[in-house]
Amino acid sequence: MTSAKKTTMKIVHAGMGLGMKAINIPRPVLYEGPGSSGKLKDILEAEGKVRPLIVTSPGTVQRDYFKGIMDSLFENKFEPVVCGIINNDPDIAHVKEIARMYRDEECDSMIAIGGGSPMDAMKGAACLIARPRSDLRKLKGLMKVGRKTPLMIAVPTTAGTGSECTIAAVITDETKNYKFTVSDLSLCPKYAILDGKLTVSLPKSVTAMTGMDALTHAVEAYLNAPYHKADTKELCESAVSKIFKYLERACQEPEDIAVRQIMLKASFEAGEAFTVACVGYVHAIGHGIGGIYHLPHGQCMAALLPLVLLDYGKAAYRPLAKLATRTGVVEDDGSDDRKIALKFIDKIRALNRSLGIDPKFKDLRPEDMDEIARRAVKEAVPLYPTPVTYTEEDVKRVLALAMGD
Ligand code: NAD
């Protein structure tokens, strides 16, 4: 990218940053702690709702904690309707089906109990309930919903996406294997419940990958200084410090509810941070790969994070060094920013290794590279105020590294 273009991007991001700072981004009312999912009935009662549509996955429906939540709702005379169709990455057909069910069953509110996939499916359906004649694809991008959505309550069962507090819904267009994001203030759930007991059943691999997703949110948001608000940096630092301290333990001791609770909080903090500051090329490239190859989102994030950070080069050394030392991930021994930033990137690689996450994408097909690069640039430019603005050629350079060249 020429220096004239770099200057233009800086000006654009500074201007957009002013706009972002002026927007009052909603935050959910938060209930947290082991057993806090028991608050659902109180929330519904306080909101005067009786018939929530529960958006969840087939696996979750079978779990004891889910049955417990349902029993408590039925006992308290609520009439929940369960839609347990979302496994991974909601697509447009799923979202339409959920919106149809909401209308046909005359529901008055929505509760997502699950990972990012059910939470985003709920949000996607909320868009179609607010705008019944809209094509979801046309709502892609920022602030296109612009209407009141149903009451949404998010109960995450993974600790990674932060979707319970973000204004984003990531949906797959199944006709093109294309992941796109709808972002609107009306998509932030009104309530979020972080109940560590609900995540103890997560398999080690999902715990690991989703935790690395949360780490990616925090690190990418930290680098996007032009959009930061007063507490954005602190949220990122808090999330990064928790993840480095506790993610391995969450994998090794899956039933340690206190650790699970901390990981949920880290994911929430990272979600709040990137809702304000956006993400970067790890996400922009990862969405392209995940959409085409149907790989878990967290795996894409984990593998791409060190590659992209290294590729940003000196533009990212200073903030990465600050993040590394303030969180205690790298000791501040007086080394220069470059050395500390590189040590931090090494720590991420080491974490991936210890979690057993494959650092490469060996099955990427060369013929898909142009499309992934095109999509990544379209997603990131000019919205994401990243330290470096990539061209399609830059993305392809990172993809070559990701493939193991
Ligand atoms: P997921 O929701 O797809 O769940 C992954 C797997 O874990 C599924 O098979 C699910 O059934 C299982 N699972 C979930 N909770 C479980 C539990 N407690 N015990 C056992 N198994 C459980 O995974 P995810 O990483 O949470 O979400 C990924 C999706 O979220 C992607 O589509 C991604 O693009 C999206 N996303 C959205 C945002 C946002 O802000 N809206 C941010 C990041 C990612």
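Student: In this predicted model, which helices each supply at least two residues of the lining of the largest cavity?
Tutor: The lining of the largest cavity consists of A159, T199, T207, T210, A250, R260 and M263. At least two lining residues come from each of two helices, namely helix 7 (204-223) and helix 9 (257-277).

Student: How many charged residues does the lining of the largest cavity have?
Tutor: By class, three of the lining residues are nonpolar and three are polar. Arg counts as charged, and R260 is in the lining. The number of charged residues is one.

Student: What is the volume of the largest cavity?
Tutor: The structure holds one cavity of 30 Å³ or more. The volume of the largest cavity is about 40 Å³.

Student: Why does the pair of Y281 and Y390 tie together parts that are apart in sequence, and how many residues apart are they?
Tutor: Six aromatic pairs are found in the whole structure. In one of them, Y281 and Y390 are tilted, at 4.4 Å centre to centre with 35° between the planes. Y281 belongs to helix 10 (residues 281-293), while Y390 is in the loop between helix 14 (369-380) and helix 15 (392-403), so the parts tied together are apart in sequence by 109 residues.

Student: Is Y390 buried or exposed?
Tutor: Buried means under 20% relative accessible area. Y390 has a relative accessible area of 2%, so Y390 is buried.

Student: What kind of pair do the rings of Y312 and Y390 form?
Tutor: Y281, Y312 and Y390 belong to one aromatic cluster. Planes under 30 degrees apart count as stacked and those over 60 as edge-to-face. The rings of Y312 and Y390 have centres 5.8 Å apart and planes at 55°, so the pair is tilted.

Note on methods
Residues numbered from 1 in each chain as written. Predicted model: local features only at pLDDT ≥ 70, side-chain atom pairs only at ≥ 80, totals over all residues. Heavy atoms only, no water. 1 Å grid on protein atoms, 1.4 Å probe; cavity = no way out; pocket = protein on both sides within 12 Å on 5 of 7 lines; lining within 4 Å. Points joined across faces, edges and corners; volume = space filled by probe spheres on them. Helix = DSSP H or I, 4+ residues; strand = E, 2+ residues; numbered from the N terminus. Phe/Tyr/Trp six-rings, centres within 6.5 Å; stacked < 30°, edge-to-face > 60°. Buried < 20%, exposed > 50% of the residue type's maximum accessible area, 1.4 Å probe, protein only.
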